[in-house]
Amino acid sequence: MDSAAPPLLRAASPADLRRVVAGWRAAGETVAFVPTMGALHAGHLRLVEQGRREARRVVASVFVNPTQFAAHEDLDTYPRTLERDAGLLAGAGCDLLYAPTARVMYPQGFATRIAMDGPALGLETDHRPHFFGGVAIVVAKLLNQVQADVALFGEKDYQQLRVIARLAADLDIPTRIVGVPTERDGHGLALSSRNAYLSEAELDIARRLNGRLAAAAARIRDGDPIDIVEHETAASLLSDGFARVDYVAVRDADTLEPLATARDRAMRILAAAWLGRTRLIDNMAV
């Protein structure tokens, strides 16, 4: 008879985290890392499952990072469900939950910032100029604290994924950065913790975003001009009922450089749009 899975270990400080990871390392075990802000859904659990395929042990963090929220954004109301998250992580085969507080991550006197160019320019930065500075500092700290062999990030936040890959390469962080395909509901909507904010009527509209992007990607593959496809797709989203469209943009899939015309390289179409107080992002390969 199979023995029960060991209980989910917990750590709340870098010292406790490193003590556990050092024991695994001493036993010759590899480590995967899944950083999250909690309010977990099936997309997060897919990252944990991929982590189990990549390494012997999996660490997941839950930390709602204040440095990536602007004053007018939803830091105070962002869903916090730590005990529920712990149960889901245990069920998915995670070995350790790292849940530091803001005081642990940003102690009195904390004064370091990271500024990035390259894939951090444009798109999200045009509308949330604070965002990638906050992401860069917290991810750099987490990667340094965990010191995993591999870290897994969802492709839903595609610009973030490219920014983190650039960060790790530029700072010689040895952790391998892996993107995992977006988990979607049965209607194609990308899973997100913020989907919980949507009403039923808004969910119906939100589920049209993926289809609009798929149609736009097909048009670009057929040779339609990129700028026209971007403009008409944004207009279609407004006609679908989205309150505002921050961007619809076709970019180089690696560097996220703007593209004037289709070329013989991988491309990505990315979009951000609003429904009420909820901002949705999505993307797909072209």
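This is a predicted model: local features need pLDDT of at least 70, side-chain atom pairs count only at pLDDT 80 or more; totals for chains, interfaces and linings use all residues.

Student: Fine. Which residues have the most contacts inside the largest nonpolar core?
Tutor: L17, F33, V59, Y98 and V139. That core has 43 residues.

Student: And which elements give two or more residues to it?
Tutor: Helices α1 (14–26), α6 (131–146) and α7 (158–170), plus strands β2 (31–36), β4 (96–98), β5 (150–154), β7 (244–252) and β8 (267–275). The largest share comes from α6, with 11 residues.

Student: What does V59 touch?
Tutor: Leaving out residues up to four places away in sequence, V59 touches a list that includes L17, V21, W24, F33, L96, Y98 and V146.

Student: What lies apart from that core?
Tutor: Another core, of 26 residues. Among them are L209, L213, V250 and L275.

Student: V250, OK. What is its bridge partner in β8?
Tutor: I269. Strands β7 and β8 pair over 8 bridges, in the antiparallel sense.

Student: What's the strand order in that sheet?
Tutor: β7-β8-β9, an open sheet of 3 strands with antiparallel pairing. The edge strands are β7 and β9 (278–285), and each pairs on one side only. On average, neighbouring strands are turned by 10° against each other, direction ignored.

Student: Switching topic. How many salt bridges are there?
Tutor: The count comes to 27. Take D95 with R52, where the closest N and O atoms are 3.1 Å apart. D95 sits in the loop between α3 (82–92) and β4, and R52 in helix α2 (residues 42–54), so the pair ties together parts 43 residues apart in sequence.

Student: Is D95 buried or exposed?
Tutor: D95 counts as buried, because its relative accessibility is 10% and the cut-off for buried is under 20%. R52 counts as partly exposed, at 31%.

Student: What about D252?
Tutor: D252 forms a salt bridge with R265, closest N and O atoms 3.4 Å apart. D252 lies in strand β7 and R265 in the loop between β7 and β8, so this pair ties together parts 13 residues apart in sequence. D252 is buried at 2% relative accessible area, while R265 is partly exposed at 43%.

Student: Which residues do shared partners join into one network?
Tutor: E73, E124, R128, R244, D246 and R279, through salt bridges.

Student: Last one: where does D240 lie?
Tutor: In helix α10 (residues 226–240). D240 counts as buried, at 10% relative accessibility. Leaving aside neighbours within four places in sequence, D240 is in contact with I205, R208 and R212.

Terms used. Residues are numbered from 1 along each chain as its sequence is written. Side-chain values use heavy atoms; hydrogens and water are left out. A nonpolar core is a set of buried Ala, Val, Leu, Ile, Met, Phe, Trp, Tyr and Cys residues joined through side-chain atoms within 4.5 Å. Buried means under 20% relative accessible area, exposed over 50%, partly exposed in between (1.4 Å probe, protein chains only). Helices (H or I, at least four residues) and strands (E, at least two) are DSSP runs, numbered from the N terminus. Contact means heavy atoms within 4.5 Å. Two strands pair if DSSP finds at least two bridges between them. Axes are lines fitted to C-alpha atoms, for helices over the stretch in contact, and angles run from 0 to 180 degrees between N-to-C directions. A salt bridge is a side-chain nitrogen of Lys or Arg within 4 Å of a carboxyl oxygen of Asp or Glu.
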